[in-house]
Amino acid sequence: MVKVSSLKVNKIKRAFFFSSRKLKGSMAVEGSLVLPIFLFFMITILLSIEAVRFQSDAQEAMHQSGNQYAFTSYLEKYANQPSADIESQVKGYLDDQLYPYLCVSGGRNGVKIQNLSTIAKDGSVAFIAEYQIKPFIDWLPIGKVVIRDRFFSHAFIGYTGLEEQGQEKQLEPYVYVTKTGSKYHISFTCTYLKVQVKAAEFESLVSQRNHWGEKYYACARCRPLKAGIVYITNDGNRYHGKSDCSALKREVYMIPLSEADSYAACSKCGG
């Protein structure tokens, strides 16, 4: 007697075979649709973080440059000394940052500075920095994202002496100090005030030394990992896990020389 396979069993096998093929095909289609959406979402998040970082750097550049301009504009008015160009100061500060203008449309030329200062009229210092954030895909119809940062202050009036008594006009010299530093600087562009950050492999720190021949130790603020890329300076003796670590920033203050008794003169800028 010969056994013949049941037609019902064959039908079940064929149904299972075709259904499994449909399942695999549907998963491939779903994956091809979800992956671009996921990548788009992640890149958008990264672009937003970069935009916030650049705006923070731009505001700090405006603050530092605005304070400097408020003082030099006084010198131009009363001591016949030319004041520095505010646009070159702001962009010069941004140029010193690590990978600047990544998210700015037009790069360095895309940052427009409009000086609204009226020193001669009311002694005000005001300027606007305007720039456009570029999308990572140019043809996406997401519109323009334009950011306008504004700085406002009053010009430093200084000390001009007792002119009504016929005495000679006097100008008290001012110097620059940092919050945690022990030196005062005559030049605002001193390299000790403008930190030059460079990236390095952690393994290479074994043989690297700073300008003073010292080894590099871990930063106590950002607590970097002992692996991968770290950030160092020529004058410091710490390595950092982040290029925007607060220890790499310099908060510069301008004070009269007569109030700098607790500071020593900088050996580099001739203080």
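A residue is taken as buried when its relative accessible area is under 20%, as exposed when over 50%, and as partly exposed in between, with a 1.4 Å probe and protein chains only. On this scale, buried residues make up 31% of the 271 residues in the protein. The structure is a predicted model, in which local features need a pLDDT of at least 70 and side-chain atom pairs count only at pLDDT 80 or more, whereas totals for chains, interfaces and linings use all residues. Residues are numbered from 1 along each chain as its sequence is written, and side-chain values use heavy atoms, with hydrogens and water left out.

The pLDDT, the predictor's confidence in each residue on a scale from 0 to 100, averages 77 over the protein, and 75% of the residues score at least 70. Over residues 160-169 the pLDDT is below 50, and this stretch has 8 contacts in the model beyond near neighbours in sequence, a contact being defined by heavy atoms within 4.5 Å. Among contacts in the protein with a separation of 6 or more, 60% are accounted for by residues 24 or more positions apart.

With helices (H or I, at least four residues) and strands (E, at least two) assigned as DSSP runs and numbered from the N terminus, the protein has 3 helices and 11 strands, arranged along the sequence as α-α-β-α-β-β-β-β-β-β-β-β-β-β. Val52 lies in helix H1 and counts as exposed because its relative accessibility is 55%. The C-alpha atoms of Val52 and Cys103 are separated by 9.7 Å, the two residues being 51 residues apart along the chain.

Grid points are joined across faces, edges and corners, and a volume is the space filled by probe spheres set on the points. The largest pocket has a volume of about 1000 Å³ and is lined by 34 residues, of which Thr180, Tyr192, Gly236, Ala247 and Arg250 lie nearest its centre. The second largest pocket has a volume of about 320 Å³; of its 19 lining residues, the closest to its centre are Tyr93, Gln97, Val195, Leu248 and Lys249. Helix H1, spanning residues 7-78, gives the most to the lining of the second largest pocket, with 4 residues.

How values were computed: On a 1 Å grid over the protein atoms alone, a cavity is a set of points where a 1.4 Å probe fits but cannot get out, and a pocket is an open set with protein on both sides within 12 Å along at least five of seven lines; lining residues have an atom within 4 Å of a point.
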